[in-house]
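The sequence and the structure are shown first, and the description follows.

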Amino acid sequence: LQPRIPDARFLDAFAGTGVNGFEALSRGAAYAVLTDSNATAIQQLEATAAKLGFTNCSAVQRLDFPKELHSIR
């Protein structure tokens with residue numbers, strides 16, 4: 001997938017720790033949306049995005065997949 005990552009928009013559904021989304025951003029993705037249904041995971045994802053400096057190029061959303069798939073931006 002590496003050749004397709006630069007400037008891509010990346011969805012990390014069921015993100016958990018966010019390793020896939022944050023890795024995509026570190027490899028040049030333009031934007032990443034990280035979703036999870038767990039409140040604790042969301043707090044950790046937001047903290048990690050801030051720590052890594054990805055708050056301007058990512059969104060963290062609490063989402064009950066797939067019921068709320070239409071709300072991803």
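## S58 and its surroundings

In this predicted model, the side chain of S58 comes to 2.6 Å from the backbone oxygen of F54. S58 belongs to strand 3. With a relative accessible area of 11%, S58 is buried, because buried means under 20%.

Which residues does S58 contact, apart from neighbours within four places in sequence? They are L25, Y31, A32, L34 and A49. The strand that holds S58 is itself mostly covered, with 4 of the 5 residues of strand 3 buried.

Three strands form an open sheet in the order 1-2-3, and their pairing is parallel. Its edges are strand 1 (9-12) and strand 3 (58-62), each of which pairs on one side only. From one strand to the next, the twist averages 15°.

Strand 1 pairs with strand 2 (residues 31-36) in the parallel sense, over 4 bridges. Within this pairing, Y31 of strand 2 is the bridge partner of R9, and L11 stands opposite V33 in strand 2. Strand 2 also pairs with strand 3, again in the parallel sense, over 5 bridges. On that side, V33 stands opposite A59 in strand 3. Is strand 2 mostly covered or mostly uncovered? Strand 2 is mostly covered, since 5 of its 6 residues are buried.

## Helix 1 on the sheet

Helix 1 (residues 19-26) packs on the sheet and touches strand 1, strand 2 and strand 3. The direction of helix 1 makes about 165° with that of strand 1.

## Helix 2 and its two sides

Helix 2 (residues 39-52) lies across strand 2 and strand 3, and runs at about 170° to strand 3. Helix 2 consists of 14 residues. From its first C-alpha to its last, helix 2 reaches 20 Å, close to the 20 Å expected at 1.5 Å a residue.

Four residues of helix 2, namely A41, I42, L45 and A49, are buried. They lie on the same side of helix 2 because they cover an arc of only 100° around the axis. In general, an α-helix has 3.6 residues a turn, so residues three or four places apart point the same way. The cover over the buried residues of helix 2 includes helix 1, strand 2 and strand 3. One of the buried residues, A49, is also among the contacts of S58. On the other side of helix 2, Q43, Q44 and K51 are exposed.

## The ends of helix 2

Which residue caps the N-terminal end of helix 2? The cap is N38, which has a side-chain oxygen 2.9 Å from the backbone nitrogen of T40. After helix 2 comes G53, whose phi is positive, near 80°.

D7 is not a glycine, yet its phi is positive, at about 70°. This residue is located in the segment before strand 1. Is D7 buried or exposed? D7 is exposed, because its relative accessible area is 66% and exposed means over 50%.

F14 likewise is not a glycine and has a positive phi, of about 55°. Its place is in the loop between strand 1 and helix 1. F14 has 59% relative accessibility and therefore counts as exposed.

## F65 and F14

F65 is found in the segment after strand 3. F65 is buried, with a relative accessible area of 18%. Along the chain, F65 and F14 are 51 residues apart. What distance separates their C-alpha atoms? The C-alpha atoms of F65 and F14 are separated by 7.8 Å. Of this pair, F65 is buried, whereas F14 is exposed.

## Summary

Strand 2 and strand 3 are each mostly covered, and the buried residue S58 is part of strand 3.

Notes:
Residues numbered from 1 in each chain as written. Heavy atoms only, no water. Pairing = 2+ DSSP bridges. Axes fitted to C-alpha atoms, helices over the stretch in contact; angles between N-to-C directions. Contact = heavy atoms within 4.5 Å. Expected span 1.5 Å × (residues − 1). Buried < 20%, exposed > 50% of the residue type's maximum accessible area, 1.4 Å probe, protein only. Arc of directions from axis to C-beta. Polar contact = N/O pair within 3.5 Å; in protein donor to acceptor, adjacent residues only side chain to side chain.
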